[in-house]
Amino acid sequence: MMVWIILTDAAFANAFFPQDILAKAVGMFGGVVGQTASGLPQIELDWLPILIRLFATASISGSLIAAVNQFCGCEPASMKSASFAVRTIDRMATTAIPWSFAAGWLVVWFVADLSSSLPALAFLITTTPLWMAMVLAASANNLAGAFGETESEPVTTLQQRSAWPEWTVVVLAMLAWEATSFWMNERLYAGLLVPHGDSAMYEEHLWNVWHGKGFRSYLDQGLFLGEHIQVIHLLLLPLHMLWPSYLMMELIASSSLAICCIPIFSIARRHSGSPRAAMWLALAWLLFFPMHYLDIAIDLKTLRPSCYGLPFLFWGIDFAERRRLFKSSLCLLIALSTQEDFALIVGPIGLALFLTSRGEAAGPAKKQFAVWSLSVLGFSVAYVLAVVLVVIPYFRGGAVVHYSRYFGDLGNSPGDLIRTALRDPLKILSAFASLRTLYYVLVLTIPLGMMSLLRPKILLAGTVTFAMLGLIQLGNESGTVSPDSAGQSLAQLPPVPFHHFHAPLLPVLVWAAAAGLKPVAPTNPRSAKRASLQTAIGEQWQRCFGTSTSRARFAFFCALGTAATGSLMPISAAFWSVDSPFGFAMYSPGDRATEFPKVLAELPTSARVASTDYVHTRLTHFERSYDYSEYVRAVNNYQPGVPADTDYIVIDTSHHYSRIRTIDEVPELKSAPLEWEVLPDSTNGLFIVLRRREAKPPER
């Protein structure tokens, strides 16, 4: 019934798949997708073919597993004397029992539909892919555990044996993920699809620093330190001098995210005692779609320096748990250089380490660690207050931090936010206690099998950051989508996790998930009457959750299932769609990219060039690279138009944010036609190039 509702209700279906992928999914269950007279999709699908196909899936998988286990001699002791038919039925139950959790979803759907509450329906539509992924992950995990994996090795044996097979798998997966991620970013760059404002601006910082222009781009209001205390990308200066390219920074960003698998493996193995469990959790990280959006975001603002800081947060946690405090301190300091909001995580990490160490035996080492962890907390608090209240305002000429406006009517400055919290705490509470906040909890925890929720002491480290995320109010902050348009536009979704604000929270979530891998045995029955039922449930629990390996594997399957509908990488259905604006066709450069070299040939590198957003990415190595948009900037005294020293204007007429399509629409040709000349067009109208009449032409 859950599958039938999802595939026949357009709102639910669109939350899962683009139209062409949806048609294939419906066809697999014996249905067809047509169109109404108004052009809307019309899905014809009966419930009986769904029932037959699901029953067949359970039957085939059950008999296959029973046959393999019998052939290999790896049947559990409790099933060795059973007939093949009994073993097949048992394996069918192994496959199908998790499907019963769909009944809970049906109850919620019925109540939401009966109440006709649009926010409740929209919330259910948005989160249904997460719930479906978790149900299927439990089923897949049961199947994997049914291959004679009901019992685990003793922890001492697991800790002593070599982990090289698991390490090999993780390293190969890291390399494959990094190569795929960089390929996608390189194709976007080659296709002229990387926006400057939040991407190549950072490469311009490096270029300007080693060319004596200061730590800035010409988008900034001054030195970049007036925007963020974000200097971690300066560590790439030596590499940039060898390979002065935006792609170098993308390569390091992809590598930084992939290499997080190394400290994750170390942390997970320490907590679980199992290299196999550590392997599954490390692989889950690579499929964790909230991480994917740090590298390839909703609007393809692909470069975020937060990528560079994440491995240092992971290593800081790993070294701290291993009591290598100097290395941990160094990693956490580097992480703080990523951005000032990383202090909201680093400090609470110190508190979480202090709380989790309280059960250790007393002694000088414990006392030293307690002092160190509380010092991390104190230093981080002092750091973030100094940066937000003193350092950034100093570089902004006394103005408050620019991201204060992200909190809407809660306040436009840190002081306003504090006053609102003190004078009207209910206003803060009502903004936080919302369906959007609950959505954040689900979208950040379900892809890891909700294992993070098992370790609340560690999750405390993310409290401040999560509260900040819950209070952000941007243009797309509603956290809901209308039932008739759900899934059609990612821009309608809330900013987490489709942008980058959640980046520093991810190491804490994975750390908590790693700590939650300790196996939990099912409870003993309270009466003989319930013993038989609980024994059966206990066997199913043991297969899916009873060992460290099974729990980590469940997290892996949850990450895989949620990535299929939530990611933009090749693991997702959207990537393979022709209808999706984020499909594979986007990674094939089009006419704009083919024609743009002709424009570059018209521009001397000594020129000061103003350009529209997507062109801007290719012009960061010119004398100056100005933004040509309706956004007023300090370089032009916050006035519309281009700075007076601009030599050339390059206008991209065909990307999806273009406001100027023809020469007749160019403002400069209307307001000052004698100052500008239009260069001959050799790009079939894809670009318009203007040159100030007194500017020097390029050398031939």
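Helices here are DSSP runs of H or I with at least four residues, numbered from the N terminus. The model is predicted.

**Whole chain**

The secondary structure comes to 31 helices and 7 strands. Of the 700 residues, 52% count as buried. Switch to a surface: the chain exposes about 30,600 Å², and carbon and sulfur atoms supply 65% of that area. Among contacts between residues at least 6 apart in sequence, 70% join residues at least 24 apart.

**The second largest pocket**

Select Val3, Phe29, Leu54, Met132 and Leu136. Of the 39 residues that line the second largest pocket, these five lie nearest its centre. The pocket holds about 1,200 Å³ of space.

Next, colour the elements that give two or more residues to this lining: helix 1 (2–8), helix 3 (19–28), helix 4 (47–72), helix 6 (102–115), helix 7 (118–145) and helix 28 (548–566). Which helix gives the most to the lining? Helix 7 does, with 9 residues. Colour the lining by residue class and the count is 32 nonpolar, 6 polar and 1 charged.

**Helix 28 and threonine 549**

Stay on helix 28 and pick threonine 549, which is found there. Is threonine 549 buried or exposed? Its relative accessible area is 13%, and the cut-off for buried is under 20%, so threonine 549 counts as buried.

**Helix 26**

Select residues 506–515, which make up helix 26. How many of the residues of helix 26 are buried? The count is 10 of the 10, so helix 26 is largely enclosed by the rest of the structure. Show the side chains to go through them in order: Leu506, Pro507, Val508, Leu509, Val510, Trp511, Ala512, Ala513, Ala514 and Ala515.

**Salt bridges**

A search of the whole structure finds 14 salt bridges.

Begin with glutamate 227 and arginine 396, whose closest N and O atoms are 3.4 Å apart. This pair links distant parts of the chain, 169 residues apart. Glutamate 227 sits in the loop between helix 10 (196–209) and helix 11 (237–242), and arginine 396 in the loop between helix 19 (364–395) and helix 20 (414–423). Glutamate 227 is buried, with a relative accessible area of 16%, whereas arginine 396, at 22%, counts as partly exposed.

Move to arginine 270 and glutamate 321, which form a salt bridge with closest N and O atoms 2.8 Å apart. Here both partners lie in helices: arginine 270 in helix 13 (residues 261–272) and glutamate 321 in helix 16 (residues 306–321), 51 residues apart. Arginine 270 counts as partly exposed at 31% relative accessibility, while glutamate 321 counts as buried at 17%.

**The cavity**

The last stop is a cavity. The count of cavities of 30 Å³ or more comes to 1, and the largest cavity has a volume of about 60 Å³. To find it, select Tyr626, Asp627, Ser629, Tyr631, Val632, Arg633, Val635, Asn636, Gln639, Gly641 and Pro643, which line it. What classes of residue make up the lining of the largest cavity? Colouring by class gives 5 nonpolar, 4 polar and 2 charged residues.

Terms used
Residues are numbered from 1 along each chain as its sequence is written. This is a predicted model: local features need pLDDT of at least 70, side-chain atom pairs count only at pLDDT 80 or more; totals for chains, interfaces and linings use all residues. Side-chain values use heavy atoms; hydrogens and water are left out. On a 1 Å grid over the protein atoms alone, a cavity is a set of points where a 1.4 Å probe fits but cannot get out, and a pocket is an open set with protein on both sides within 12 Å along at least five of seven lines; lining residues have an atom within 4 Å of a point. Grid points are joined across faces, edges and corners, and a volume is the space filled by probe spheres set on the points. Ala, Val, Leu, Ile, Met, Phe, Trp, Tyr, Cys and Pro count as nonpolar, Asp, Glu, Lys and Arg as charged, and the others, Gly among them, as polar. Buried means under 20% relative accessible area, exposed over 50%, partly exposed in between (1.4 Å probe, protein chains only). Contact means heavy atoms within 4.5 Å. Accessible areas come from the Shrake-Rupley method with a 1.4 Å probe; for residues, only the protein chains shown count as cover. A salt bridge is a side-chain nitrogen of Lys or Arg within 4 Å of a carboxyl oxygen of Asp or Glu.
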